[in-house]
Amino acid sequence: MKKLADYRITNILSYPHWHLRIHLDQAYLGRSVLWRRKRGNAISPTVLSVEERDESILIAALWEKAVTSLWQPTRFNHAWLCNMTHEHGGHGHWHLIPRYSEMRRWRGQCFEDKNPLGNYA
């Protein structure tokens, strides 16, 4: 099994069912991961309990509000891909990706979304 990045070091907040974490790759300013705390083979968001689903929506809404107040993204992408379950044991997580039609500067760095109307990948 491939060694994966340790996202525990990027925790922003923890909730009963989820951890909100900054993504290590900030190609999209504010890019984050909503990490399911429950272990197991979560190959689809349809396996989430009602409580997990509702909490994930609440957290995503709070995250969007915070990112909007900081950097005013044009829109958001949310993705549950399951492309690497063979490498991380199938835990579930949402990718939360702010998208920008114009370059953003933050703390002396420039962030440019190379394909703002397309897929983030």
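The legends below describe close-up views of a predicted model. Local features are described only where pLDDT is at least 70, and side-chain atom pairs count only at pLDDT 80 or more, whereas totals for chains, interfaces and linings use all residues. Residues are numbered from 1 along each chain as its sequence is written, and side-chain values use heavy atoms, with hydrogens and water left out.

View 1. Strand β3 spans residues 32-36; helices (H or I, at least four residues) and strands (E, at least two) are DSSP runs, numbered from the N terminus. Five of the five residues in β3 are buried, where buried means under 20% relative accessible area, exposed means over 50% and partly exposed lies in between, with a 1.4 Å probe and protein chains only. In a regular strand the side chains alternate between the two faces of the sheet. On one side of β3 the buried residues are Ser32, Leu34 and Arg36, and on the other they are Val33 and Trp35, which leaves both faces covered. Strand β2 (residues 18-22) pairs with β3 in the antiparallel sense over five bridges, and Leu20 has Leu34 of β3 as its bridge partner; two strands pair if DSSP finds at least two bridges between them. Strand β5 (residues 93-99) also runs antiparallel to β3, to which four bridges join it, and the bridge partner of Trp35 in β5 is His93.

**View 2. The surroundings of Arg36.** Arg36 lies in strand β3 and, at 6% relative accessibility, counts as buried. The side chains of Arg36 and Glu52 are joined by a polar contact of 2.9 Å; such a contact is a pair of N or O atoms within 3.5 Å, of which, within protein, one must be able to donate a hydrogen and the other to accept it, and residues adjacent in sequence count only if both atoms are side-chain atoms. Leaving aside neighbours within four places in sequence, the residues in contact with Arg36 (heavy atoms within 4.5 Å) include His17, Trp18, Glu52 and His93.

**View 3. His93 in strand β5.** His93 is found in strand β5 and is buried, with a relative accessible area of 14%. The side chain of His93 makes a polar contact of 3.2 Å with the side chain of His95.

**View 4. Aromatic pairs.** The structure holds four aromatic pairs; rings of Phe, Tyr and Trp (its six-membered ring) pair if their centres lie within 6.5 Å, and planes under 30 degrees apart count as stacked, over 60 as edge-to-face and the rest as tilted. The rings of Trp71 and Trp106 have centres 5.3 Å apart and planes at 85°, so this pair is edge-to-face. The pair links distant parts of the chain, with Trp71 in helix α1 (residues 50-71) and Trp106 in strand β6 (residues 104-106), 35 residues apart. Trp71 counts as buried at 10% relative accessibility, whereas Trp106, at 35%, counts as partly exposed. Ring pairs also link Trp18, Trp80 and Trp94 into a cluster.

**View 5. Two loop residues with positive phi.** Most residues other than glycine have a negative phi. Gln72, although not a glycine, has a positive phi of about 50°; Gln72 is found in the loop between α1 and β4 (75-79) and counts as partly exposed at 46% relative accessibility. Arg107, also a residue other than glycine, has a positive phi near 50°. The place of Arg107 is in the loop between β6 and β7 (109-111), and at 73% relative accessibility Arg107 counts as exposed.
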